[in-house]
Amino acid sequence: MVEKTIIITRFDPDRDEKPRKQEYTVPCEDSWKVLDAVNFIKDEIDATVSHRWSCRMAVCGSCGMMVNGEPKLTCKTALSDYDDRVDIEPLANFPIVRDLVVELDGFMHKFESVKPWIIRAKEQAEDKASLHPEKDTFGQSTEELGNFKQFSMCINCMLCYSACPVVANEPDFLGPAAIALGHRYNLDSRDEGAEERHDIFRGEGTVFSCSYANECSEVCPKNVDPAAAINQAKFGTVIDWAKGLVLPRGGTK
Amino acid sequence: MDVFRHDIVIVGGGGAGLRAAIEAAEKNPTASIALVSKVYPMRSHTVSAEGGAAAIARDDDNLELHGYDTVKGSDFLGDQDCIQYFVEQAPKELALLENWGCPFSRNEDGTVATRAFGGMTTKRTWYAADKIGFHMLHALFQHSMRFKNIVRYDEYFVSKLLVEDGACRGVAALDIRTGEYSTILGRAVILTTGGGGKIFPFTTNGTIKTGDGMALAYRAGVPLKDMEFVQYHPTGLPGTGILITEATRGEGGYLRNSEGDRFLVEYDYGVGNKAELGPRDMISRAIVQEIEAGRGLSGAYGDHVLLDLTHLGEDKINSRLPFVRELANVYIGVDPVTTPIPVRPVVHYMMGGVDTDIHGATEMPGLYAAGETACVSINGANRLGSNSLTECLVFGAAAANHAMDYANGSAEGNEASLRAQAEEEAGRVENLRGRKKGGERISEIRRELNLAMEAGFGVYREQASMQAGVGATAQLRGRVADLRLEDESKVFNTELITALELMNMVEVAEVLAVSALHRKESRGAHTCKDFPTRNDEEYLYHTIARHDPAGPRLGKKDVVLGKWVPEERKY
Ligand SMILES: Cc1cc2nc3c(=O)[nH]c(=O)nc-3n(C[C@H](O)[C@H](O)[C@H](O)COP(=O)(O)OP(=O)(O)OC[C@H]3O[C@@H](n4cnc5c(N)ncnc54)[C@H](O)[C@@H]3O)c2cc1C
Ligand code: SF4
Ligand code: FES
């Protein structure tokens, strides 16, 4: 057990003009994650602190916060990695709703805009927003699965948006997780919607805005490597665009 | 107050809720479907499921076997008509999920791979390494986004069902971000709010699993069924309760006691390499017996046994169980490639829930339920691992289908009177917000509730301690009405939400306690030391609990039997 000073950003739009900081002294157990300290404050010291969390096993993606200036999944981050003062802020590059809670509207919008679902040619032709099994299940080799598996591991924790220098300057940039998601479907052998998505990727604020800073991949708690996805998507978009000039339909997979 | 009108209102955005939404949206593209969830759908606790989802897939398997395994697993308390329907629909539902992009692990020939699971005769659990729930939830959520007639209410907390002339016609929901209430009307309402493991202190469940849907239905007069049956999963991490999936044993892992023995071999729950693949109720009891016999290991977080994967090798662990490796490393500092993982039984799943028929319909017209919050019942007294994700799909779809038919034939409710109900509810909650005159804090009541449930309703139960649990929960029901709250803000007031959840938890806990005390036999997960055997003559029925200001009123409902006649449960 060690005592630490936990500094929490407080902001209530009804009362505060701008965020302020509040310090709490917390008796911390050795095994604690950063989230445990915030929960302790909420339960035992100050019930007015607001934050999100649920699974406490690094899979629901709710508990992202800035810890000493870096975006972290707080249920996965050991408190013992930090000295006796730990500064906890809401995720950077997002509007604050209250205290440690940020707004997801923009993120959800970007997320939906890449059409993150299996698109089939037949269904495109029929212009139908549904998908009945054309057959039992699709065949897919382990290798084909491996092509996109990594990019399907994103828990939508949004740490990569907090780390990204482009998001900071260009709020409309689709951003790492959304591009990785669209790319994940493009790479899925069951999907036939790459062309549709490449139209999206070609637009403004998309793959070409990325300056390949790689910060997103460095902070990702699930090794999704969104930077690699963006790079591949850039490359694929150029190729498809070139193919599109000579072929009636853009590149197929 | 805003009033929104839809055809169907679905409360819950987990596996069951999303499947229901997709089914309703597809069945009737002109209908408007509200999907209301207290967290963004991808945060729902379905996300945490690791092992897999069951449906027959192999040549050596058939519906008969899956049906029999499920009936036997349920200790003959499952309804056989529902189980029949369930096993028949299961393969189609999982094929749909595959079509919608779920990245299932594959066999060499490219077909979907299946693995062994507890209580299942053969390999029929479809998996995506050890993250099936995560992939299922994300595939469903992403697929749902293509339907423009699904309208999401993310981070809206439902605190009351709106009932008119005995029929459910909508919900009152608090927008957590603004603190304002809305009236969300629908001609049918489907509850898919998940389980309530958080009434216990040591659980695999996330903090959002507070039994809300059960409490909502119960307070509206709809009975809860079989609430005494709580599943203890054999292998949770001491301290946090984080789950280490049964797939570890499906892939060949062993449980060992302090002497290094594979003790399950002695318990006869399965022969040879199936020794570790008995059903969960039995294996949890075996672990407790080992510990009580002095063959457990002690640690900082209590006694435990060991889950040994070291003989599986690094490659297999990395390809089949990578999340287990991550969890063990991060949360208990053990690398399972080289070191056995400390584990102990942990509260995992509620077999009981809102009483529904085979279509997900409750006894209240217009109200449906599916997923863990419902009790259809296919799980009876003990659920088989990997049946519940499939249950979310099969009965989520069924409930949506029937709710849509019902909605098409029913008139719209009276907006003014339903809105008045919602306003009354908003007033009640407004009085609760920042209620400084109250007596006790949330954390105190929750701690007491947790302790009472752990003491009374463990793997083994006794009349005396259950009696104490009944007393404690009844008393807490009084005390929770006098909470002391600090946070007066409207915006994202999580203290207020937690208070509403705690009230739900206390209500659900009391029903669980009273139901358990009444069942004077041992069946499935309900093991009563005073009555160690199953008693089909007196207790082969579902427990029904109805709300009453004085405490739950119990009744009975027949079990639907069929071709599988109750027999001694041997593996
Ligand atoms: C760690 C773990 C591992 C598991 N592994 C497996 C497995 O391998 N195989 C298997 O078959 N089963 C498994 N299970 C069980 C299975 O995952 C669950 O039973 C199932 O996912 C429940 O799904 P659901 O849709 O009913 O509820 P949930 O996924 O819990 O979703 C509930 C939804 O309801 C919403 N909600 C709740 N209350 C309210 C309210 N008051 N207002 C508004 N919205 C509300 C929530 O926001 C959420 O969206 C596992 C369970 C756990 C805990
Ligand atoms: S890519 Fe990684 S950091 Fe970004 S949202 Fe997904 S899991 Fe989080
Ligand atoms: S609480 Fe779910 S990821 Fe941290």
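This is a predicted model: local features need pLDDT of at least 70, side-chain atom pairs count only at pLDDT 80 or more; totals for chains, interfaces and linings use all residues.

**Reading the model**

Reply: Start with the shell around ligand 1: by class it has 12 nonpolar, 21 polar and 6 charged residues. Residues are numbered from 1 along each chain as its sequence is written, chains are lettered from A and ligands numbered from 1 in the order in which they are written, and side-chain values use heavy atoms, with hydrogens and water left out.

Me: How many residues surround ligand 1, and which are the closest?

Reply: A residue is near a molecule if one of its heavy atoms lies within 4 Å of it. Here 39 residues surround ligand 1. The closest are Ser44(B), Thr46(B), Gly52(B), Glu372(B) and Leu389(B).

Me: Which element supplies the largest share of the shell around ligand 1?

Reply: Elements are DSSP runs, numbered from the N terminus: helices are H or I with at least four residues, strands are E with at least two. The largest share, 4 residues, comes from α10(B). In chain B, α1 (15-27), β2 (33-37), β7 (156-164), β14 (341-350) and α10 (387-408) each give the shell at least two residues.

Me: Which backbone atoms lie by an oxygen atom of ligand 1?

Reply: Look for polar contacts: pairs of N or O atoms within 3.5 Å. Within protein, one atom must be able to donate a hydrogen and the other to accept it, and residues adjacent in sequence count only if both atoms are side-chain atoms. A polar backbone atom of Ala16(B) is 2.9 Å from an oxygen atom of ligand 1. Gly51(B) also has a polar backbone atom 2.9 Å from a ligand 1 oxygen. For Gly14(B), the distance from a polar backbone atom to a ligand oxygen is 3.4 Å. Taken alone, ligand 1 exposes 1000 Å², and the protein buries 98% of that. Accessible areas come from the Shrake-Rupley method with a 1.4 Å probe; for residues, only the protein chains shown count as cover.

Me: What surrounds ligand 2?

Reply: Its shell includes Cys154(A), Asn156(A), Cys157(A), Cys160(A) and Cys220(A). By class, that shell has 11 nonpolar, 1 polar and no charged residues. Asn156(A) sits in the loop between α4 (142-149) and α5 (159-163) of chain A. Its phi is positive, about 60°, although Asn156(A) is not a glycine.

Me: Is Asn156(A) buried or exposed?

Reply: Buried means under 20% relative accessible area, exposed over 50%, and partly exposed in between (1.4 Å probe, protein chains only). Asn156(A) has 2%, so it is buried. Now take Asp165(B), in the loop between β7 and β8 (167-175) of chain B. Its phi is also positive, near 50°, in a residue other than glycine. At 74% relative accessibility, Asp165(B) counts as exposed.

Me: What span should helix α14 of chain B have?

Reply: Expected span is 1.5 Å times one less than the number of residues. The 25 residues of α14(B) (residues 494-518) should span 36 Å, and the end C-alpha atoms are 36 Å apart, which agrees. Of those 25 residues, 24 are buried, so the helix is largely enclosed by the rest of the structure. At its start, a side-chain oxygen of Asn493(B) comes within 3.2 Å of the backbone nitrogen of Glu495(B).

Me: Which residues does Ala509(B) touch?

Reply: Contact means heavy atoms within 4.5 Å. Ala509(B) is found in α14(B). Not counting residues up to four places away in sequence, it touches Ile199(B), Leu449(B), Met453(B) and Thr473(B). Ala509(B) is buried, with a relative accessible area of 0%.

Me: Where is Arg146(B)?

Reply: Arg146(B) is in the loop between α4 (132-144) and β6 (150-154) of chain B. It is buried, at 6% relative accessible area. A polar atom of its side chain lies 2.7 Å from the backbone oxygen of Ile118(A).

Me: Which peptide bond is cis?

Reply: The bond from Val376(B) to Ser377(B) is cis, with omega near 10°. Ser377(B) is in the loop between β17 (374-375) and α10 of chain B.

Technical notes. Ala, Val, Leu, Ile, Met, Phe, Trp, Tyr, Cys and Pro count as nonpolar, Asp, Glu, Lys and Arg as charged, and the others, Gly among them, as polar.
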